[in-house]
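This report describes one protein model for a reader who has not seen it before. Please look over the sequence and the structure first.

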Amino acid sequence: MNNHSLLVDATPHLISPPISPNRSTNSSPMKLGIMASGSGSNFEAVAQAIKDGQLNAQIQVLIYNNPGIKAVERAERWGVPSVLLNHRDYKHREELDTAIVEVLQQYQVDWVVMAGWMRIVTPVLINAFPDKIINIHPSLLPSFKGAHAIEKALEAGVKITGCTVHLVCQEVDSGLILVQAAVPVLPEDTPETLHARIQVQEHRILPQAIAQLAPRTTSATL
């Protein structure tokens, strides 16, 4: 095993705020609507955290925009309904977001989780769920906003990057930061290898960020 392998396996990744167990069941489960455009690995991380008792929530629905993606298979395995809203069928982003809002309201969702949702959302969705939409982004925001964040980090030559869970606002990747995890960039990294290590941290911090939001849900329903 070379030194770089040791760094990947053994170097602790800084997560802030630190992950803490959240096994409280005193309040009603958070009702989540998850939006995904790809493999759905973050969807599964949330579902597993719920099963393990680390997150007091239930996933009401998965919304996806690309036919045939793996996220749908994951939703089927977890018994979660999935709804295809193909963005190619809508002339404007606002029309797509109107359809998304209708589905989320139909499934009585409290919180919206953009877990690899590769579309820019509009005020139609943001205003329907004010301060109730979170997104996970593969960089340490505010660095490398928008698409291709991992490639941008490699091009910039940074030595540390990571991932961020934040509230969604109208400006892309600019809402209140909830949780971040740092990931070292290795000399031999490619977009694929760096993405794989960032995803490990995404799967850790996304359930943690959702758990942090539970008090807001409770107080809102009192």
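The sections below go from the whole chain to the sheet and then to the helices on it.

## Basis of the model

This is a predicted model, in which local features need pLDDT of at least 70 and side-chain atom pairs count only at pLDDT 80 or more, while totals for chains, interfaces and linings use all residues. Residues are numbered from 1 along each chain as its sequence is written, and side-chain values use heavy atoms, with hydrogens and water left out.

## The whole chain

The protein has eight helices and eight strands. Both are DSSP runs numbered from the N terminus: helices are H or I with at least four residues, and strands are E with at least two.

Of its 222 residues, 45% count as buried, meaning under 20% relative accessible area with a 1.4 Å probe, protein chains only. The accessible surface comes to about 11,000 Å², and carbon and sulfur atoms hold 53% of that surface; the areas come from the Shrake-Rupley method with a 1.4 Å probe. Among contacts (heavy atoms within 4.5 Å) with a separation of 6 or more, 66% link residues 24 or more positions apart.

## The sheet

The eight strands form an open sheet with mixed pairing, in the order S1-S8-S7-S6-S5-S2-S3-S4. Two strands pair if DSSP finds at least two bridges between them. Strand S1 (15–16) and strand S4 (82–84) are at the edges with a single partner strand each, so one side of each has no neighbour in the sheet.

Strand S7 (residues 160–167) and strand S8 (residues 177–184) are antiparallel and share seven bridges. Gly162 is opposite Ala182 in S8.

## Strand S2 and its partners

Six of the seven residues of strand S2 (residues 30–36) are buried, so this strand is largely enclosed by the rest of the structure. Seven bridges connect S2 in parallel to strand S3 (residues 57–64), where Ala57 is the bridge partner of Met30. Between S2 and S3 the chain passes through helix H2 (residues 41–51), in a right-handed β-α-β crossover. Right-handed means that, with the strands pointing away from the viewer, the path from the first strand over the helix to the second runs clockwise.

S2 also runs parallel to strand S5 (residues 111–114), with four bridges. Gly33 has Val112 in S5 as its bridge partner.

## Helices on the sheet

Helix H4 (residues 93–106) lies across S2, S3, S4 and S5, at about 150 degrees to S3. Angles run from 0 to 180 degrees between N-to-C directions, and axes are lines fitted to C-alpha atoms, for helices over the stretch in contact.

Helix H7 (residues 191–212) also packs on the sheet, and the strands it touches include S1, S2 and strand S6 (133–137). The direction of H7 makes about 155 degrees with that of S8.

Definitions and conventions. Buried means under 20% relative accessible area, exposed over 50%, partly exposed in between (1.4 Å probe, protein chains only).
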